[in-house]
Amino acid sequence: MIAAGSAVIPLLIVIVYDRPLWPAMLFAVWIGAIAWYSVRTVRKEQKELMKRSLLAAHITAIHTLNHHRHDWMNELQIVYGYIQLKKHDQLLQSVGKIKERMAQESKISKLGIPSLVLYFHSFRTFNADMQLDVRLDEEIDLTDLRMAIDAETLSHTIQETVRIFQYIPRQTYDDERVLQVMFQKRPGELRVAYRWEGEVPSDALDDVRQKMKSIVQGKPGKMEQPDSGRASFEWSVPCVT
C-alpha cells in the first residue's frame, strides 16, 4: 500500500513541470518499480503461506500417526491378554472389532479427497470431547461421482456440519458424545447422513437444525431431518448421471 501510494510523487512532478517528457518517463519507471515490488511481495507471501500450510499438515499427520500407533498398541495388549487368559470368546470378539475398524479406516482412506480423509483420520487426535464414527457400506471415491459441488467445498461443508454437533451441551458429566456420519451412494445422488447418539434438549436441537440448514444454503442438494425429535440429518448431494 505504501509503494502504491508513493506513485503520487512522480504524478505531482508530471503536473508541476511544463516539460512533461522526463517526468512522464520517471512516472512510468516508478509505476514499473511498484508493480515489480508488489508482484515480488505477493509471491513471497504466497510461498510463506504454503510453507506454513505444509508444516501444519505434516504436524497433523505426525500426531495422527502417533495417536493411531498408540490405539493399535492398546488393542494388541487386549488381544494378548485374552490369549494369556485363554478367553477365546472375548478374543474372537476383539479380533472381529479390530477387523471391522480396519475395514472402515481403509474405506475412509479411499474417499478421494485428501483434506477430508486427513480430517476424519485425525479427528480423534485433536477432538477428545466427541467421538466421530464414519461409516461406509462400500468403497466410495467421491471424485468419481461427478457431483454438482466441487470436492473441496464438499469437504469444507462436511467439516463445518460435524463441528456443529461438538457444541451440543452435555446432559451429564459422563455423557457419551458420539456422532455417526454415513456415506451412501444412491442413483443420481450422494447421501451424507448424520446420526447423534443420545438425547438433545429441544432448544439445542432447534439451534442444530437451523445451523445445518444454513451451512448448505446456496449449495447443491438439500438438508432434511427424518426424525424431527432427534438430531439426525441427511444431506442429499446431486450427482451428474
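Predicted model: local features only at pLDDT ≥ 70, side-chain atom pairs only at ≥ 80, totals over all residues.

Residues are numbered from 1 along each chain as its sequence is written, and side-chain values use heavy atoms, with hydrogens and water left out.

β3 and β5 are antiparallel and share 7 bridges. Strands here are DSSP runs of E with at least two residues, helices are runs of H or I with at least four, and both are numbered from the N terminus. Two strands pair if DSSP finds at least two bridges between them.

β2 runs antiparallel to β3, with 9 bridges joining them. Pick Lys185: its bridge partner in β3 is Leu190. Then go to the turn. The β2–β3 hairpin has 2 residues between its strands, and Gly188 in the turn has a positive phi of about 80°.

Colour β3 by accessibility. Of its 9 residues, 7 are buried. Buried means under 20% relative accessible area, exposed over 50%, and partly exposed in between, with a 1.4 Å probe and protein chains only.

Move on to α7, residues 202–216. Its 15 residues reach 22 Å from first C-alpha to last, close to the 21 Å expected at 1.5 Å a residue. The expected span is 1.5 Å times one less than the number of residues.

Which residues of α7 are buried? Select Ala204, Leu205, Val208, Met212, Ile215 and Val216. They lie on the same side of α7 because they cover an arc of only 100° around the axis. That arc is taken from the directions from the helix axis to the C-beta atoms. On the other side, Ser202, Asp203 and Gln210 are exposed.

What covers the buried residues of α7? The cover includes α6 (151–166), β3 (189–197), β4 (222–224) and β5 (232–238). Contact means heavy atoms within 4.5 Å. Step just past α7 to Gly218, which takes a positive phi of about 85°.

Last stop: helix α4. In the lining of the largest pocket, α4 supplies the largest share, 10 residues.
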